[in-house]
Amino acid sequence: MKFLYQTVATIIGCFAVQYFLPWWTMAIIAFAFGYLFQNKGVVSFTSGFIGVGLLWFLVAYQIDAASHSILTEKINRIFPLNVFILTVIVGGLVGGFAALTGSLMNEKRVSKYY
Amino acid sequence: MKVKTLLSLVVTAALIYALNRSWNFGKPIPPLGKFLDPFHGFWKNAENKVPPVVTLKGLRNEVSIIYDSTLIPHIYAATEEDLFFAQGFVTASHRLWQMELQTHAAAGRVSEILGPATLDFDRGQRRLGMVYGAKNSLSEMEKDPVLKTVTEKYAEGINAYIASLDYERLPFEYKLLDYTPEPWTPLKSALLLKYMAKTLNLSEKDFEMTNALKLFGRETLELLYPDNEHVGDPIVDNPTGWKFSPVSLDSDSASAEALVKITPMEKSSPEIGSNNWAVAGSKTATGSPILCNDPHLELNLPSIWYIVHLSAPGYNSMGASLPGAPTVISGFNDSIAWGETNAQRDLVDWYKVQFEDNTKSKYLSDGNWRPTRKEIEKIDIKGKESFYDTVVYTHHGPVTYDESYHGKSEKNHFAFRWIAHDPSKELLAFYLLNKGKNHSDYLKALDNYSSPAQNFVFASTNGDIAMRIQGKYPVRRKDEGRFVLDGSKTSTEWRAFIPNEQNVMYKNPARGFVSSANQYPADDNYPYYITAEHYEAYRNRRINQRLSEMSKITPQDMMHLQADNYNLKAAENLPTWISMLDVSKLNTAEKKAYEKLKAWDFINSVDAEGASYFEAWTRVLVPMIWDEIDSARVTLPRPTYYTTFKLVREKPELNFFDITSTPEKETATDVVRKSFTAGVKMIEKWREDTKKEPMWADFKDSYIQHLARLEPLSYHVRHGGNGNIINAHSKRNGPSWRMVVSLEKSGVKAWGVYPGGQSGNPGSPFYHNMIDVWAADHYFNLHFNTAKNQSLPFSMISQTIKAK
């Protein structure tokens, strides 16, 4: 459940800051939610990756659909990899590592005493 | 902090850093994070939002812009200042990247964007004195109060657009190549015009001709490279019309005689040229003149042209503009229309310079050592250290070629004299044409025009038609300009210029039309010596023949003529070549080719296979004939197609027909046969490679290339035509703008099209929407009117620019 909360929070938070601010500000949001939700490293990474990756995919998809892929099909021939995949990987990796860093900085210590 | 926490933090930071900057691993990679971000990156360039209202500083009053369904802007301003501001703003909104790239190219600054591959090009531009020429023009423009305002307001408009940009709204190419635009200046407009001058008026073959004279002797030289091929009608045929006393020079023009070993820079394609004509009311269906223009240039995207309609009190013109220069260049207003073709004329000289010593501080001139001026050119290169080049200037101009540039084994130095280095103000000519009302306004406007020399066609609603070959022309002595000159004698220099009123021109000729297609300019009675790198021999004859035959001409007839695919070159030569073949010895493929060629009607239509066989044959035949010229140890000029094929017909025993690499001695018949075999093989190979029949459009494979040479942003086009055909569409060059204007008293009607689109943005549907229309030889109606409310019925988007 916490995984889902973190992912949704990341999507909403990143959408809000990215609307106004440069691309890398989404890393700060992904980091912050990684820190707050205290998920395990792998979970936090996945959440950050999916959160930012999905957000970037959806926004890109909306532009692509509205413009009938006019630019996407050209860029796909410039880059060796499909540009949607590339967009998701780039956004996802940064979001994932930022979320991982956040969770690692605020690891639950309690579990050790059980 | 734990190690793994630290590691994760470092990885995150490193990722952000790496994705926020560009890289070059053999291929340049944009900053991927920035570039792929769907909120601000390249994705945003697929949204083409034109804000309905913008507020800008620098305007006096509100300006309205109505974009019609072709994205042609109709700009309505209250003053001319606001009009040119808006022209700058609107043009930049759609073409900024191209405008900057072209002016960077003019100034020799491409390497700072594209890297070391273009260094030689950049050095060449610096050594041709492109910036030097542009600065000379700019200082002249600034002396004229009207031009100063026009160019400054235009620059302000562009800068207002640049100032409004953030990363999200940056044109696509800036994002891909990772740089940002710099402020526009009037110097950039001057540079753009010099770039056009370089494309159009730099053609010369002085080094090649010097070598040819030395190696072949005078008689052969005149046979292979005559000054005038005397083919077809000259542009102005007016033998009794030259009633003035010409300027004469008494001194001789001595030429340097040693062989020249430099490798000249790449020249403009001979396929660059143009057609224009105007027919008088006596020949048209409406009784009003019709004017047509189609300039043939290299076809690129974004297109060299941008259609605008400019309207302010006292000013109302429409047509093709050059992004980067204010006013309309080929167009019309409510009274007149005008258009240009290139005026072929030698406007370049090379002077052999003798320096006192290696420091190149002084050079010999009339027995004295004159000081040189040195310009240190810093060429920035993307991803590398800057390159410094010293360009030495003499009073002739820059020393372009020396031991460090294209002349490794050459011990001599050559200074470059070019008409486009002189102060000039051609923009004033265009400004005045845009406002012109009649023939005398046209003449007055053109008095301000120097370079690049053009054949200006004219027609007016009053019923006049006219042609004027306008440029600043040195008075030349016989042979002057054909060969390298001795730079140590001032007596060899340009001493005087032909007075404007003595330039080649006429009005309302008896034949009922005027036309030009880059042919020889004047009849033999014109009193000045004329020479050029080459003249076009075919298009003009076809145009004049058709215009003579036609009557009750409609604009549609004129559109058909612009799209005419009749191949006069083939019609004139193919029957002779075919008769030279030995039909009994042909193999199956050759037999088939022979049949196709015999059945061909000389029309280079999309599906004509005969046209492909003829083209392949020509491509092999010409180098086979001129093998001794192409393989010479010094650079030599190739004769024109016309002269080459005339020699095949008339002097089949000429020594040049011998192929030097074979022991036997060939004649014209032998090379025609051998080249036929090789040409058919070329087609067979093509057929195997492509698995297609050699239809002309497929074999020609015309290509419209993006200016950064990116294949995914470029287009292949199936279209007829070729060089030397009225529809002059070869593989890379062709009619870059087609315009037909009917000058009816009840209202001027006009049609136009070009192979591109009004938007320079590859993410816009208007990036290439005109290509197919153009290739189908169709046109767009150019909605011309006098008031904003007349534009509203066909408005697609409207924008208001408010003054801040």
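**Ground rules**

I number residues from 1 along each chain as its sequence is written, and chains are lettered from A and ligands numbered from 1 in the order in which they are written. Since the model is predicted, local features need pLDDT of at least 70 and side-chain atom pairs count only at pLDDT 80 or more, while totals for chains, interfaces and linings use all residues.

**Entry 1: chain A**

I looked up the make-up of chain A and found five helices and zero strands. Helices (H or I, at least four residues) and strands (E, at least two) are DSSP runs, numbered from the N terminus. Along the sequence, the pattern of chain A reads α-α-α-α-α. I noted a box of roughly 60 × 30 × 25 Å for the C-alpha atoms of chain A, taken along the principal axes.

Of the 114 residues in chain A, 47% count as buried. A residue is buried if 20 or more other C-beta atoms lie within 10 Å of its own, exposed if 12 or fewer, and partly exposed in between, with C-beta atoms placed from the backbone.

I also checked contacts in chain A between residues at least 6 apart in sequence: 79% of them join residues at least 24 apart. Two residues are in contact if their C-beta atoms, placed from the backbone, lie within 7 Å.

**Entry 2: where chain A touches chain B**

I found 27 residues from chain A and 29 residues from chain B in the contact. On the side of chain A that touches chain B, α1 (2-20), α3 (41-66), α4 (72-78) and α5 (83-105) of chain A each supply at least two residues. The most comes from α5(A), with eleven residues. I sorted that side of chain A by class and got 21 nonpolar, four polar and two charged residues. Here Ala, Val, Leu, Ile, Met, Phe, Trp, Tyr, Cys and Pro count as nonpolar, Asp, Glu, Lys and Arg as charged, and the others, Gly among them, as polar.

**Entry 3: strand β12 of chain B**

I asked how many residues of β12(B) are buried. For this strand, residues 336-342 of chain B, seven of seven are buried. Ile336(B), Trp338(B), Glu340(B) and Asn342(B) point one way from β12(B), Ala337(B), Gly339(B) and Thr341(B) point the other way, and all are buried.

I then looked up the partners of β12(B). Strand β11 (residues 330-333) of chain B pairs with β12(B) in the antiparallel sense over two bridges; two strands pair if DSSP finds at least two bridges between them. Gly331(B) has Trp338(B) as its bridge partner in β12(B). The two strands, β11(B) and β12(B), form a hairpin with two residues between them. Strand β20 (residues 454-460) of chain B also pairs with β12(B) in the antiparallel sense, over seven bridges. There, Asn342(B) has Gln454(B) as its bridge partner in β20(B).

**Entry 4: a sheet of three strands**

I traced an open sheet in chain B with the order β8-β25-β26 and mixed pairing. β8 (300-301) and β26 (715-717) of chain B stand at the edges with a single partner strand each, so one side of each is left without a neighbour in the sheet. Strand β25 (residues 702-706) of chain B pairs with β26(B) in the antiparallel sense over three bridges. Tyr703(B) has His716(B) as its bridge partner in β26(B).

I first took helix α7 (residues 145-163) and helix α12 (residues 426-435) of chain B, which pack at an angle of about 90 degrees with their axes 10 Å apart. Axes are lines fitted to C-alpha atoms, for helices over the stretch in contact, and angles run from 0 to 180 degrees between N-to-C directions. α7(B) and α12(B) are therefore roughly perpendicular to each other. Angles under 35 degrees count as roughly parallel, over 145 as roughly antiparallel, 65 to 115 as roughly perpendicular and the rest as oblique. Val146(B), Leu147(B), Val150(B) and Thr151(B) in α7(B) meet Leu427(B), Leu428(B) and Tyr431(B) in α12(B).

Next, helix α3 (residues 80-106) and helix α9 (residues 186-201) of chain B pack at an angle of about 70 degrees, with their axes 8 Å apart. That makes α3(B) roughly perpendicular to α9(B).

**Entry 5: Arg619(B)**

I found Arg619(B) in helix α18 (residues 609-625) of chain B. Arg619(B) counts as partly exposed because it has 14 C-beta neighbours inside 10 Å.
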